[in-house]
Amino acid sequence: MAQNSSLARLSSLAKSPYNRLVAYPTGDGEEVKSRIRQLEQLEITGLDFQGRLKTDRLSILGKGVVGIVVIGLKNNRRIAVKIRRVDARRPSLIHEAELLRTANSLTVGPECLGGTTDILAMELVEGQPLPEWLESLMGRGLRSRVRSVVKPLLEQCVRMDAYGLDHGELSRAHKNVIVSNDDVPRILDFESASLMRRPSNFTSLAQYLFLGGSIAKKMIRVLGPVNRGELLRCLRDYKAGGWRDAFEATTKVLGL
Ligand SMILES: Nc1ncnc2c1ncn2[C@@H]1O[C@H](COP(=O)(O)OP(=O)(O)O)[C@@H](O)[C@H]1O
Ligand SMILES: [Mg+2]
């Protein structure tokens with residue numbers, strides 16, 4: 001088998017340059033050891049440094065305020081592994097793993113494959129962030145492709161709202177929604193999610209997609225003009241509790 005040079009077995013993670021990413025940003029020795037044990041516990045056998053972002057000369061999937069996200073190997077399957085930053089404001093990823101499982105029960109989010117204090121293992125979502133996906137679209141059938149992504153995305157939000165799971169960061173969906181290579185919208189990052197807040201997934205996302213800045217302009221260019229007044233009224237009705245009818249009305253206003 002050809003050697004994959006981006007692949008690092010767990011035994012090499014204690015060494016440079018890997019250690020700094022495993023316990024970002026310090027690379028502290030004790031932290032690194034503890035994280036290697038947690039990876040073992042989750043049956044992750046290696047990390048594969050490939051992805052669209054580069055940090056410390058290594059390629060990764062992403063970097064947020066809580067974690068560094070890299071590709072991992074579990075039972076020879078490629079998965080996504082979020083490694084808690086040492087300087088994160090959250091002391092643990094266990095709560096995030098629980099909320100991701102809740103989302104999964106509503107068929108939302110990457111499948112949770114296990115979580116420890118510092119490691120969250122989940123399904124790898126391969127695709128593009130929503131704005132880039134929208135930008136990359138060309139040719140015929142563009143409008144129906146956008147509809148076929150936007151409607152299920154809004155439906156995911158309605159399911160979370162009905163259950164009482166608030167994602168918390170869907171008004172900044174540019175990073176938290178990926179459109180997979182087979183055109184399925186996937187909501188990521190349940191780090192700020194909560195079962196205690198009044199959920200506003202649908203209204204936050206609808207505002208971001210159709211009433212906000214540059215993405216709204218692009219959406220409208222593809223889907224056709226949207227009556228802002230009517231859309232705002234739908235969102236108000238939705239908030240007032242008539243969410244099922246308001247959702248239907250919204251899809252009509254948007255021509256979905
Ligand atoms: N399951 C996944 N599959 C593919 N990429 C992911 C996955 N989870 C996260 N990412 C990438 O990593 C980035 C940071 O992850 P995120 O969960 O937002 O971390 P943080 O909680 O630190 O903000 C995301 O914007 C995305 O690009
Ligand atoms: Mg994030």
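Predicted model: local features only at pLDDT ≥ 70, side-chain atom pairs only at ≥ 80, totals over all residues.
1. Arg57 sits in the loop between β3 (53-55) and β4 (58-60), and its phi is near 65°, which is a positive value in a residue other than glycine.

2. Asp183 is found in the loop between β11 (177-180) and β12 (185-187). With 13 other C-beta atoms within 10 Å, Asp183 is partly exposed, because that count falls between the limit of 12 or fewer for exposed residues and the limit of 20 or more for buried ones.

3. Two prolines deserve a careful look at the backbone. A cis peptide bond joins Ser16 and Pro17, with omega at about 0°, and Pro17 lies in the loop between β1 (7-9) and α1 (18-22). The peptide bond from Tyr24 to Pro25 is cis as well, with omega near 0°, and Pro25 is placed in the loop between α1 and α2 (29-41).

4. On the scale of the whole chain, the model is divided into domain 1, covering residues 7-123, and domain 2, covering residues 127-253. The centres of domain 1 and domain 2, taken over C-alpha atoms, are separated by 28 Å, and the contact between the domains takes 12 residues from domain 1 and 12 residues from domain 2. On the side of domain 1 that touches domain 2, the residues divide into seven nonpolar, three polar and two charged.

5. Where does ligand 1 draw its shell from? At least three residues of the shell come from each of domain 1 (7-123) and domain 2 (127-253). There are 18 residues around ligand 1, and of these Gly62, Gly64, Val66, Ala80 and Asp189 come nearest. The elements that give two or more residues to this shell are β6 (67-74), β7 (77-84) and β9 (119-123), and the shell as a whole divides into 10 nonpolar, three polar and five charged residues.

6. Once its neighbours within four places in sequence are left aside, Ala206 is in contact with Leu154, Leu235 and Thr250. The C-alpha atoms of Ala206 and Leu153 are separated by 9.9 Å, although these residues are 53 residues apart along the chain.

7. Helix α7 also meets helix α8 (residues 214-223), and the axes of α7 and α8 come within 5 Å and cross at roughly 70°, which makes α7 roughly perpendicular to α8. In this contact, Tyr208, Leu209, Phe210 and Leu211 of α7 meet Ile215, Ala216 and Met219 of α8, and the residues divide into seven nonpolar, no polar and no charged.

8. With helix α9 (residues 228-239), the axis of α7 comes within 10 Å and crosses at roughly 170°, so α7 and α9 are roughly antiparallel to each other. Phe202, Thr203, Ala206, Phe210 and Leu211 in α7 meet Arg228, Leu231, Leu235, Tyr238 and Lys239 in α9, and the residues of this contact divide into seven nonpolar, one polar and two charged.

Technical notes. Residues numbered from 1 in each chain as written. Chains lettered and ligands numbered in written order. Domains from an automatic or database assignment. Contact = placed C-beta atoms within 7 Å. Nonpolar A, V, L, I, M, F, W, Y, C, P; charged D, E, K, R; others polar. Near = placed C-beta within 6 Å. Helix = DSSP H or I, 4+ residues; strand = E, 2+ residues; numbered from the N terminus. Axes fitted to C-alpha atoms, helices over the stretch in contact; angles between N-to-C directions. Parallel < 35°, antiparallel > 145°, perpendicular 65-115°, else oblique.
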